[in-house]
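Subject: Handing over the model

Hi,

Here is the structure I promised to pass on to you.

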Amino acid sequence: MENFRLQIPTDIRFGKDRLEELPDAIAPFGKKILLTYGGGSIKQSGLYDRVLSLLNERDFTVVELSGIAPNPKIDSVRQGAALIRQHELDVILAVGGGSVIDASKVIAAAAFYDGDAWDLVLDSSKVGKALPIVDILTLAATGTEMNRGAVISNPETNEKLGTGGWELIPRVSFLDPTLTYTVPRWQTAAGAADILSHLFEQYFNRTEGVDLQDNIAEGLMKTVFKHGPIALQTPDDYTARANLLWASTLALNGLVERGRQGGWTCHAIEHELSAFYDITHGIGLAILTPRWMKHCLDTDASTHAKFAAYGRNVWGINGDNDEDVARQAVERTYQFFKEDMAIPMTLPEVGIVSKELVSRMSELAVHHGDLSGNVFVPLSVQDVESIIEASFAPMTAF
Ligand code: NZQ
Ligand code: ZN
């Protein structure tokens, strides 16, 4: 295990019926709030009215930025930063999924930055001081509610890139499982796939002696494999929604990642799919992940033992032959996404029918994600091309 530092200042308010705490939770940061939200789900669910009535009971000033889209766009960030400057706001209240919170994080820093907000995405070292962020999370997926990262898209340049900074970690996150009851099936499935992908990206890693982190990761994976399908079948199952929500937070708050070295793979490839085709992040990950797993097994026998550990410890697959167990585990993973979570498991089913951009996206994924460097299995541009190519047809061999 490597040396590490983990400092997570987020005050988590988990559970139902806690929203009354919102005014007291936000008051220490100031009176003038930028309320950020997405395309209207919080209005349909009644959450918007609840939040405003809670804030109106006290003398908060609220300025709104609505319409933050999935795969949040840099223009929303620019608008938010302008509103903060114009109205001299003190704190951001982000209400929604990962896209709303990610955009709010970069807005918080952009308000103090003199240049264009996109600079902060291209170069995270430019992220400095930031407005405090309080959030009410409505979708279990990204882990952004307790981490320093944010992912922003620029449709003009077809780029979707991650940035981050210590100042961007939310100060208070309200995690109420009942607020995720209205998440549609598609987004519930995408969220479960995203949580699993975060765990895979950290678990399939070469650092020795991280048994504790691996055990936590396996426990979180089992939790998602158990509760994802329940949430899909019974959207208002509190236990399933609660387990998914807390799993999403713990999967990407440093608990699993710290103490290791090494980068991520499927996320870098997915970010190119989303940058060019604006597909749902978690769905892209579900499609790519089993193909990437098979690529690892086919090209690097040294990966068999770790995939076999995943098969035995998470799926309970028996057998002495690592490669057999590993390949069964990949098949289980694929079938979980396809059968249990009803995810369309090919690119044409999510609207990517042409292969004309495969080479370009592969080059950019290797470049942006440093995929030929220190990752579980380093990938060349040709390797990424073959993983994306394999995603055009259903998987029949594992
Ligand atoms: O926009 P509204 O109307 O709110 O609708 C949203 C949106 O259409 C809807 N939704 C959210 N909560 C709902 C709901 N609908 C009904 N009821 C609710 N309770 O769901 C749709 C998707 O929302 P979005 O915020 O885009 O989803 P998610 O939370 O999966 O966030 C995805 C974004 O996060 C980034 C992704 O790349 C993507 O841009 N990520 C951020 C990370 C981080 N900061 O650490 C890590 C991740 O790997 C990921 O890359
Ligand atoms: Zn993700």
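This is a predicted model: local features need pLDDT of at least 70, side-chain atom pairs count only at pLDDT 80 or more; totals for chains, interfaces and linings use all residues.

Residues are numbered from 1 along each chain as its sequence is written, chains are lettered from A and ligands numbered from 1 in the order in which they are written, and side-chain values use heavy atoms, with hydrogens and water left out.

**The zinc site**

Let me start with the metal. The zinc ion (ligand 2) is held by Asp194 through OD and by His198, His267 and His281, each through NE2, at 2.0 to 2.2 Å. Donors here are N, O and S atoms within 2.8 Å of the metal (3.2 Å for Na, K and Ca), and water is not among the atoms, so sites may look incomplete. Along the chain, the donors of the zinc ion follow the spacing D-x3-H-x68-H-x13-H. Distant parts of the chain are linked in this way: His198 belongs to helix H7 (residues 185-203) and His267 to helix H10 (residues 266-277), 69 residues apart. Helices (H or I, at least four residues) and strands (E, at least two) are DSSP runs, numbered from the N terminus.

His198 is buried at a relative accessible area of 3%, and His267 is buried too, at 7%. For these labels, buried means under 20% relative accessible area, exposed over 50%, and partly exposed in between (1.4 Å probe, protein chains only).

**Ligand 1**

There are 32 residues around ligand 1, and those that come nearest are Gly39, Ser41, Gly98, Ser99 and His198. A residue is included if one of its heavy atoms lies within 4 Å of the molecule. His198, then, is a zinc donor and also one of the residues nearest to ligand 1.

Which side chains have an N or O atom close to an oxygen atom of ligand 1? Ser41 has one at 2.8 Å, Asn71 at 3.4 Å and His271 at 3.5 Å. A polar contact is a pair of N or O atoms within 3.5 Å; within protein, one must be able to donate a hydrogen and the other to accept it, and residues adjacent in sequence count only if both atoms are side-chain atoms.

**Two positive phi values**

Most residues other than glycine have a negative phi. Asn71, however, has a positive phi, near 50 degrees. Its place is the loop between strand S3 (61-65) and helix H4 (74-87), and Asn71 is buried, with 8% relative accessibility.

Asp17 also has a positive phi, of about 60 degrees, without being a glycine. Asp17 sits in the loop between strand S1 (11-14) and helix H1 (22-26) and is exposed, at a relative accessible area of 57%.

**A cavity and a pocket**

Searching the whole structure gives 1 cavity of 30 Å³ or more. On a 1 Å grid over the protein atoms alone, a cavity is a set of points where a 1.4 Å probe fits but cannot get out, and a pocket is an open set with protein on both sides within 12 Å along at least five of seven lines; lining residues have an atom within 4 Å of a point. Grid points are joined across faces, edges and corners, and a volume is the space filled by probe spheres set on the points.

The largest cavity holds about 60 Å³. Its lining draws its largest share, 4 residues, from H7, and H7 and helix H9 (238-251) each give at least two. By class, this lining has 5 nonpolar, 4 polar and 1 charged. Ala, Val, Leu, Ile, Met, Phe, Trp, Tyr, Cys and Pro count as nonpolar, Asp, Glu, Lys and Arg as charged, and the others, Gly among them, as polar.

The second largest pocket has about 190 Å³ of space, and helix H8 (211-233) and helix H12 (304-315) are the elements that give two or more residues to its lining. Among the lining residues are Arg206, Asp214, Lys306 and Phe376. In classes, the lining of this pocket divides into 3 nonpolar, 4 polar and 5 charged residues.
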